[in-house]
Amino acid sequence: MPRDTSIQKILLIGSGPIIIGQGCEFDYSGVQACKALKEEGYKVILVNSNPATIMTDPEFADRTYVEPITPEMVEKIIGKEKPDALLPTLGGQTALNTAMSLHRAGILEKHGVRMIGAKPDAIEKGEDRLLFKEAMIKIGLDLPKSGVAHTIEEARIIAEEIGTMPLIIRPAYTLGGTGGGIAYNKEEFETITARGLDLSPVCEVLIEESLLGWKEFEMEVMRDKADNCVIICSIENLDPMGVHTGDSITVAPIQTLTDREYQIMRDASFACIREIGVETGGSNIQFAIHPDTGRMIVIEMNPRVSRSSALASKATGFPIAKIAAKLAVGYTLDELKNDITRETPASFEPTIDYVVTKVPRFTFEKFPGSDETLTTQMKSVGEAMAIGRTFKESLQKALRSLEIKRFGLIGDGADVEVDDETLTTKLSVPNAERIFFLGQAFAKGWSVDRIFALTKIDPWFLRQIAEIVEAEQQITGNTSDHLFSLIPADQLNDDSKAAALHDFMRRMKRLGFSDRQLAVQYGIPEAHLRAGRIKYGVRPTYRLVDTCAAEFEAFTPYYYSTYGIEDEVRDNDRQKVIILGGGPNRIGQGIEFDYCCVHASFALRELGFETIMVNSNPETVSTDYDTSDKLYFEPLTLEDVLNIYERENRHDQVLGVIVQFGGQTPLNLAKGLEENGVRIIGTSPKNIELAEDRKMFAKLLDDLGLHQAPSGTATSLEEALAITAQIGYPSLVRPSFVLGGRAMQIVYSDAELTHYMKNAVEATPDRPVLVDRFLEDATEVDVDCISDGETTVIGAIMEHIEEAGIHSGDSACVIPPFSLSAAMQDRIRDAAKKLAKALNVRGLMNMQLAVKGDDLYVIEVNPRASRTAPFVSKAIGVPLPKLAAKIMAGKTLKELGFTEEVIPSHYSVKEAVFPFSKFTGVDIILGPEMKSTGEVMGIDYDLGMAFAKSQMAAGGTLPTKGNVFISVKETDRPNVVRIAKGYADLGFTLYATSGTGGVISEAGIPVNILPKLASGQRPNVIDLMKNKDMAMVINTPSGKNPREDEIKIRTAAMQNRIPIMTTLRGADAALRAIKSLQGSEVQVRALQEYHR
Amino acid sequence: MNALLALEDGTVYEGRAFGAPTTRAGEICFNTSMSGYQEVLTDPSYRGQIVSMTYPLIGNYGINPFDDESAGVHVRGFVVEEHCPVPSNWRSTESLDKYLQRHGVPGIEGIDTRALTKRLRVAGAMRSVLCNDGSLNAAQAVELARQAPPMEGSDFVREVTTPEGYHWDPEGSESRAWTIPNSYDAAMGRPRSQDEAGQCCIPLPDVRYRVVAYDFGIKRNILRRLRQQGFDVEVVNARTTAEAVLARNPDGVFLSNGPGDPAALDYVHREVRALLGKKPIFAICLGHQMLGHAFGGRTFKLKFGHRGGNQPVKDLRSGKVAITSQNHGFAVDADSLPKEIEVTHINLNDGTVEGLRHRDAPVFSVQYHPEAAPGPNDATYFFEEFANLIEESR
C-alpha cells in the first residue's frame, strides 16, 4: 500500500519535559518521526514544551509549537492548524494521554482529525487494566490473579480473594509506574493503595498476584496495515520481576529461553498486538516466566513507541520510530528498505551477533532520605548501553559507561567491602549497586545457589558474573614471570614471551576488563598498562551493528568495539572531527548536552567534515546512526576514547576532538586526552580549567575589574572557619569540580559549617572546598555568549525568577530580562565580553552573575556549552551550538553572519521540572543542589502569559480563582503583604497560618486563619488541599532545617497537584501570570511565527 | 585443548575444543538464528555440514529431551564464539558439551565467528575441517579440507532416509504440540498443566487423511505438524517408487526436507514426476527442489545459502510477508520452470523462489520451513492448506 494521500498535515505530540520514566528517548523518536514524515512530503505540526529537544528545532517540523502539552492548548493548535491526522504514539505517555483526552472530549471529531498509528479503542484496550485483561484472556494468554479497585474498600476485598502476600499495586494512567509498589503486609498495602488511588488520574489501581522473582522479558513488536508483524528485539532482564524494567539491568537478545519457548512468546506478542488492535507501528510487550514451570504471564503492553523501543533501535540498528511513522501513513514493512543493508526490506527480524547490556543510572545522592530500594516504581534518571561479543564484555563496558567512577564489575579500585550481613541485605533487597555486590559475593566464595536464593537472578547471569570474578582473581597471579614460566624452556624467546603477554591480555580484554581494572590489579599506572597493551598489539577491533549478523553487507557506519580478529571501520580520505557525547542522563547533565552534540555534528557536516560521535546513552538523538557520519557506541572513558581516536587518526585525519558540548563527562577526559597528544578543538582545556580554579579565576576577575562575592578555598575545617570569620554568614560551601551543584549548601553558622565539613565532603589539598559569601536576595542572571576569540556576541541575558542561591538549573528564568536596568544589562554584556576575550573562548561560554542593588558579582564562568544553550537558541531563533561548532572548526562569527545580539520582542520563560513525586519523604524545597530532571519553555509576547504557559507546561496550571494559602518564613513577612494584596485584588480568598496571617490582616487585607498542623485542630490546610478547596499554596521554607509542618504542607500540595510557590519571587511571578490569564485568552503561536 | 577450523581457501581459525575429541570435514555454513541450536544440530538437512552460529553465546539453555528434530546429531562439527558449560533452563537435562560428546560431534569455541561469517559471505560456501583432537596441524587441516568432496553432486539423502518405511506415531503420543502451562486456557476451557513428564501438551485432533511422506531427512516437527493437522503419515524411503506409493492409495503425498545437492537425486526426480497429477502433493525444502526438477526445472547453488530464522518471504498472491525459518544452500531457478508452474513466494532479501504451485494439478511447495523448529511459526498454515487441497481433490 502506498502512502496515504488523503492526509496532508499531521500533528505530532511530543513528550514534554524530561521526567523519570519519560526521558529523552522521545526526542529521539520524535526527531525520527518528523524526518520520516517530511521525507514523505507531509506537513508536520509539532507540539512540545521542552526547549532542550532537537525535535523542536524549527527545521524539523513545518510548524513548531513550544506550548504546554495540555488538551486545551493542543485544541487551540488544532483549531489554528487544522491538521488531518494526529500521530499520538511517538511522544510517550504524555502524547498518548493528551490524544485520548482530546478524543474523549470530542475535539478530534469536531475538527475532523483522525488518529493514525493507534486508534483510540486500541489505546484504551492497551492502557485500561480491565479491558487489557479481558483481551488477553480472550486470546488465551495467562495473567496474574488480580482485580481493579477504585476505593480502598474494594482493594481490601480483592486482596482477600488473591489470598497471598506480597501484592503488587499499580495505579492506572501514570508514568513509569508512579505511585505503584509492592506490599508485603497489610499496613503497606493500605498505604500504597491509598497513594496509588490518589495519583491515578482516574482513581483506579490494579492489585495483583505477586510475580516477584519470576524471569522478566520484553518484546518489541511492529505491525503494519497489512497485518505483517515482526519482532525487532527481544530483551531479558537480569533483575527478575519486582524491579521496574526501567531500573533493571537488561540484556538483548533473550539468553535463557529455548527456541520453542521463545517462539511461544513471539506468537503471544503478535496475538497481543492484534487483539489490542494497534494498527501500525511499534509496541512493547512485557512477559514474566516462572523459573521452574515456564508458566508465562503477560505483564503489560505499551501501544506506542517506548523507552525500550529506543533501546531496541540502538541495540539492533532498526529505526523503530522512523518505520513506525511511515507505517502510520500507510506503508507496509516490505515497501520500506532497511537503511543499514539498503538491499533488504524492513519486513524482517533483526538478528544480532553480539550482546547488548543496558544499565540504569541512579541519582539517589541528590535526594537524601529517599527510599533507595528498587521497586516497581521507576527511580533511575538515565541509562547506559554497551555492546560486546559476550555478555561479560558488554556488562563490564556498560558498568564503566555509567560514569559513577566504576571501571568494571570488580577490582577497579572502587570496591566497597561490606560484611556478610550487609552483603546479604544488599543482595536480597534490590538496590542501585546490587550488581557490584554480586561481584563481591562471588569474590567471597559464595556459591551460585546461595546467591540465587537471595536474588532470584537467573543462574545463567550469576555464572557469567562468577566467571568475571574468577578471571579478575587470576589477574594478579598472571604476572609476566608467571606467564613466561608456562612457556617450555626450548621455546622461550622474545616472540613467545610477547605472544604469552598478548594472549593473556587479549583474553582479559575479551571479558571486558578495562585498562583501569588491569592496572589496579597489577598495581601500576593505567598509562603504563595501556602502553604495554599497545606494545603487545592488543587493540580493539570495531564491529558494525548491521541488523543481520554479517549476512549482508552493511552501509551504516555504526560501530562498537570488541577484541576480535578483524576490524570493520572503513577508511576514507576526509578530515574528521570527533564529538564526545554526554553519556547517561543524570540530574545536571541531560538532553541539553545531547542537543549541543547533535548540533555540532550537523554543523560540521555542513562544513564537509566527517563527523564522528561517541556516546553510550541509548535514549539520545546523538546515537541515532544517521546523526553523524560515524557512530561509536562506546563508554566515555579515557581508554575507550583514546582507542577510537587512535583508530580514526591512523592517517592523521582527525582535526580534533570536541569536549565542550557533552557536559562534564568529556571535560573530565580533556586533560588525559591532551596528555596523550589528542588535539582538542575550541576553547583550550587549560582555559576551561582556569575558570574552574578559584585562585586563578579570582585573579583574572581582579585584572578585568570584575567582582566576586568574597570567598576562599579551604582544605580543612579550620581553614573554612577562618574564611567565614572573615567574609561572614550566610556562606555557600561546595566541593570544587562538580556539576549540578552536588553537595552544595548554604550555611548560616559555625555549627552548620562544621557539620558540612565533617559529613558532606572530604576536603583534601587535592580537592578543596569552596566557601563563598552568599548574596541574599540578589537577582541571579545567566548569560550565554559565543566567541571566536575576536568577536563575542551575547546569546541572551537570562534573568532568574528565583533569587540567587537556588541552583540555576532549578530556577525559572526569563529572556529578555524584565527588571534589570538597561545600564546593568550593559555592564553584564561588557563583563561577558571581557571574560570571553580573556579566556580566549572559541565557542560557547556561560556566565552566572548576581545583581544586588547596583552591585554586580560574577558567580561563575563556564567556557563551554551550558544547560541553557538550547533554550537560548529557541528564544532568539539562532542555533548557538551549531555556530560554536563551526567556530571550533576555524570559522569566524563574521563569516557565519552572527555579529549582533538578538533581543527578542517576545518573552521566553524556562521553568524546571522536578522528580519529587518519585522520592517520597523528600522535601521539595529548592537550594544550591540541582534536583530538576527537565525543563519547559513558555513563550509569549506578554511576560505574565509566558510565565503562565511555563507553569502549565510544567504541570502546575495556575488558577484564576479560588483559595490561596500563604505561609512564609519570618524574613519574608515584610514582603508578603504586597503579594497577599495582589492575590486578594485578583479575587482570591486568602488563607494563612497565624504568623503570616497576622501580618496580612494587620495590613487590612481579609485573611482566614487556619490552625497549625501540630495543634491538632481541624480542618487544617491539608484537609482543604485534599478536598480540592485550595487552588494554590505559597510556602517559603524557613532555612536549612525546615519545620515538620512545612514539609507536610509542601508534600500534600505536590501529592494533590496543587501549584505551589516556594519563593516570594515565584509567587510574584505567578501573580503576574494570573493577571494575564484573567485578562486575556491564551494564544498559541509556532516558533516560526516568532522568528520570521 | 586447542582446536582448529581450517577452510579450503587456507584460512585457519584457532580456538578451544569442546564436544567430542575428533576431526571432521564438511562444507562450512553459518546459521543466523539466535536460538534453536538443538534443533539445528539434529536437523538431517545439515548432513555433511559444519555449522557456525552467528550468535556468539551458544548453549545457554542447554539441551532437553523434547527438542530433537531427529534421532541423532547430523552436523559434522559445531562452531561457536563462546559455549556455555553450565546451562540454565527449567527443561534442560544436559549441557551442549556433554550432548556433543555423547553424539561424537566435535565443537570449537573461542573463534571470531563474525569474521568467519564475513569470509563465507564474500568467498561463498567452502569445504572445511574441524580438528579438536590435536591430530592435525594447520597445513594438514587445510589440505584435508581441500580433499573433502564438494557439496555439489553429493547425495546425503541416502545416509539419512529411513531404511524401512514406518507408520509415524500411531499412538499419537509423539505428536502433541508442546506448550507451556496456563492458569486458564480459554480454548480448552480449563487450566493447562504439566503431565507426569513435566510437559504440557495440546491434545491431537482425529485422523482425517492418510498420506505418504518421502523421507529425504525428515524433521520430526514436520511429522508432528502433519499429525496435528489430522494426517496419518506413512513414512517411506527416498527410493520408493511412484508405483509403490500409488499402490497404497494415499490421500496425498508429502516430500520432505533433506540434505545435499538436489540435482544429484535424479532417482527421486523421476518418481516425483510420475506422481504429478495423480495425488495432491505438498513439499518442503529439498522436497520443493525435487518438485522443481520434476517440473523440468533446474536448481542452482546459492553463494552462501539461507540459514536462519529471520528470512522475509512474500506471498505474491496475498501480498503478506512471513518471517520464515530457512535452511537451504540450493534454490530453484525460476527461469527454468515451465509456464504451468507459478512462483507463489519469493524471498524479499534476494528475490529467489520460495514457493511454487502447479496451475492445473494439486501440487504446491515451499522452500522454507513452515514447521519452524527452530524459527517462527508464521507459516504453519501450509499444513492446513495441504488438508484443503486434499479436500478439494476428493
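The model is a predicted one: local features need pLDDT of at least 70, side-chain atom pairs count only at pLDDT 80 or more, and totals for chains, interfaces and linings use all residues. Residues are numbered from 1 along each chain as its sequence is written, while chains are lettered from A and ligands numbered from 1 in the order in which they are written.

Chain A first, as a whole. Its radius of gyration (taken over C-alpha atoms) comes to 29 Å, in agreement with the value near 31 Å that a compact globule of 1092 residues would have; the globule rule here is 2.2 Å times the number of residues to the power 0.38. Along the principal axes, the C-alpha atoms of chain A take up a box of roughly 100 × 75 × 65 Å. The chain holds 38 helices and 39 strands, both being DSSP runs numbered from the N terminus (helices H or I, at least four residues; strands E, at least two). Of the 1092 residues, 61% count as buried, meaning that 20 or more other C-beta atoms, placed from the backbone, lie within 10 Å of the residue's own; 12 or fewer make it exposed, and anything in between partly exposed. As for contacts (C-beta atoms, placed from the backbone, within 7 Å), 70% of those in chain A between residues at least 6 apart in sequence join residues at least 24 apart.

One open sheet of chain A has 5 strands in the order S37-S36-S35-S38-S39, with parallel pairing; strands pair if DSSP finds at least two bridges between them. At the edges sit S37 (1008–1009) and S39 (1060–1061) of chain A, each pairing on one side only. S35(A), residues 963–967, is joined to S36(A), residues 989–992, by 4 bridges, and A:Asn963 has A:Thr989 as its bridge partner. Two helices lie across this sheet. H34(A), residues 994–1002, covers S35, S36 and S37 at about 135° to S36(A), whereas H36(A), residues 1044–1055, covers S35, S38 and S39 at about 150° to S38(A). Axes are lines fitted to C-alpha atoms, for helices over the stretch in contact, and angles run from 0 to 180 degrees between N-to-C directions.

Elsewhere in chain A, A:Thr611 belongs to strand S20 (610–615). A:Thr611 is buried because 25 other C-beta atoms lie within 10 Å.

S17(B) pairs in the parallel sense with S15(B), residues 209–215, over 4 bridges, and with S18(B), residues 281–284, over 3 bridges. From S17(B) the chain reaches S18(B) through helix H8 (266–275) of chain B in a right-handed β-α-β crossover, that is, clockwise from the first strand over the helix to the second with the strands pointing away from the viewer.

Finally, 50 residues of chain A are in contact with 50 residues of chain B. H6, H9 and H16 of chain A each give two or more residues to this side, and H9(A) supplies the largest share, 7 residues.
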